[in-house]
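Student: Please walk me through the features of this model, one at a time. I would like the general idea and then the case at hand.

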Amino acid sequence: MAFVADSTLGLSPEEAKSLGIHVVPQQVLHRGRSFRDLVEIAPGEVLRLLCSGERLTTSQVAPEDLRKLYEALLRTHGRVVSVHVSGLLSGTVDTAKKVAQAFGDRVKVLDSWSLSGGLLLVLERARRLLEEGVAWEHLEEALAPYRERVRGYVLPATLDYLHRSGRIGGLRRFVGGLLRILPVLEVREGRVHPGPRVRGFAEGIRKVAALFRRDFPKEARVYLAHAENPEGAKALGEALKAEGVEVLGVLPAGAAVSVHTGPGTVAAFAGPRR
């Protein structure tokens with residue numbers, strides 16, 4: 001069995017492969033040109049361009065990249081499980097399903113309803129279910145209850161990039177900047193929802209911990225992510241560890257998060273332990 005994820009996962013192809021995951025690149029668009037994420041443009045370059053004021057966007061995986069990867073993997077594997085960023089945030093799932101039709105039932109495409117660490121949690125649960133003996137044809141059905149429980153909490157360091165990407169208006173950005181107001185964004189059931197607003201980054205860290213406690217009163221598994229803000233990720237990790245959770249690792253935020261929320265962003269993605 002081979003496992004595929006798109007580059008919103010956040011890990012480099014080499015890091016992902018060490019976990020038994022093959023990464024297919026999303027696309028980063030800049031000045032009319034398209035660059036394959038992690039292949040033709042590095043995360044550091046994405047952040048550098050954003051910090052210099054350049055406008056970037058992201059786009060779904062190219063069908064040809066998916067087709068080539070599925071063909072290569074099926075030469076050495078019986079089947080492929082392909083898990084992707086939420087279909088409500090990207091067209092990648094729909095594209096993958098269309099490409100997969102050419103391979104019959106040997107490729108199963110799953111919508112993670114999340115991204116970054118949430119995508120990784122869903123992929124890991126899918127792999128565990130198969131190891132426990134869940135039938136191939138019932139995998140998505142068996143995965144659904146877990147997928148519904150996965151949550152993401154995203155804290156940007158500034159409103160600037162949400163304004164650039166059209167998520168907030170100029171007046172709200174101006175007023176928010178004066179008052180140091182930041183939104184906590186919640187990722188659940190495949191969508192990004194505006195959460196509570198906080199005054200300053202430190203209060204945002206505390207609010208993420210409170211939201212986590214609300215959603216996971218019992219044990220949970222957590223991946224942290226950040227866009228060139230290791231200290232912020234460390235502070236978030238310490239706040240969550242105080243809740244008695246298992247932090248599994250820290251991921252680069254990746255282009256999909258960085259482009260829309262900006263450098264300095266920190267995030268936590270959580271799922272139930274069982």
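Tutor: Let us begin with the naming: helices (H or I, at least four residues) and strands (E, at least two) are DSSP runs, numbered from the N terminus. This is a predicted model, in which local features need pLDDT of at least 70 and side-chain atom pairs count only at pLDDT 80 or more, while totals for chains, interfaces and linings use all residues. Residues are numbered from 1 along each chain as its sequence is written, and side-chain values use heavy atoms, with hydrogens and water left out.

Student: Which elements each supply at least two residues of the lining of the second largest pocket?

Tutor: First, the terms. On a 1 Å grid over the protein atoms alone, a pocket is an open set of points with protein on both sides within 12 Å along at least five of seven lines; a cavity is a set where a 1.4 Å probe fits but cannot get out, and lining residues have an atom within 4 Å of a point. In this structure, α1 (13–18), β2 (21–24) and α3 (63–74) each give at least two residues to the lining of the second largest pocket, and β2 gives the most, with 4 residues. The lining has 14 residues, of which Val 23, Val 24, Pro 25, Arg 36 and Leu 69 lie nearest the centre of the pocket.

Student: What is the volume of the second largest pocket, and how do the residues of its lining divide?

Tutor: A volume is the space filled by probe spheres set on the points, with grid points joined across faces, edges and corners. For this pocket that comes to about 200 Å³. For the classes, Ala, Val, Leu, Ile, Met, Phe, Trp, Tyr, Cys and Pro count as nonpolar, Asp, Glu, Lys and Arg as charged, and the others, Gly among them, as polar. The lining divides into 8 nonpolar, 1 polar and 5 charged residues.

Student: How many cavities of 30 Å³ or more does the count come to?

Tutor: The count comes to 1 cavity, and the largest cavity holds about 40 Å³ of space. Its lining consists of Ser 7, Thr 8, Gln 26, Gln 27, Val 28, Asp 37, Thr 58, Ala 255 and Ala 256. Here β3 (27–30) and α11 (254–261) are the elements that give two or more residues. By class, this lining has 3 nonpolar, 5 polar and 1 charged.

Student: At what angle do α2 and α11 pack?

Tutor: Two packed helices are described by the angle between their axes and the distance between the axes. Axes are lines fitted to C-alpha atoms, for helices over the stretch in contact, and angles run from 0 to 180 degrees between N-to-C directions. Helix α2 (residues 43–51) packs with α11 at about 10°, with the axes 10 Å apart. The two are therefore roughly parallel (angles under 35 degrees; over 145 is roughly antiparallel, 65 to 115 roughly perpendicular and the rest oblique). Val 46, Leu 47 and Leu 50 in α2 meet Ala 255, Ser 258 and Val 259 in α11, where contact means heavy atoms within 4.5 Å. This contact has 5 nonpolar, 1 polar and no charged residues.

Student: At roughly what angle do the axes of α5 and α6 cross?

Tutor: The axes of helix α5 (residues 116–131) and helix α6 (residues 139–149) cross at roughly 135° and come within 10 Å. That makes α5 oblique to α6. The contact is made by Leu 121, Val 122, Arg 125, Ala 126, Leu 129 and Leu 130 of α5 and Leu 139, Ala 142, Leu 143, Tyr 146 and Arg 147 of α6. These divide into 9 nonpolar, no polar and 2 charged.
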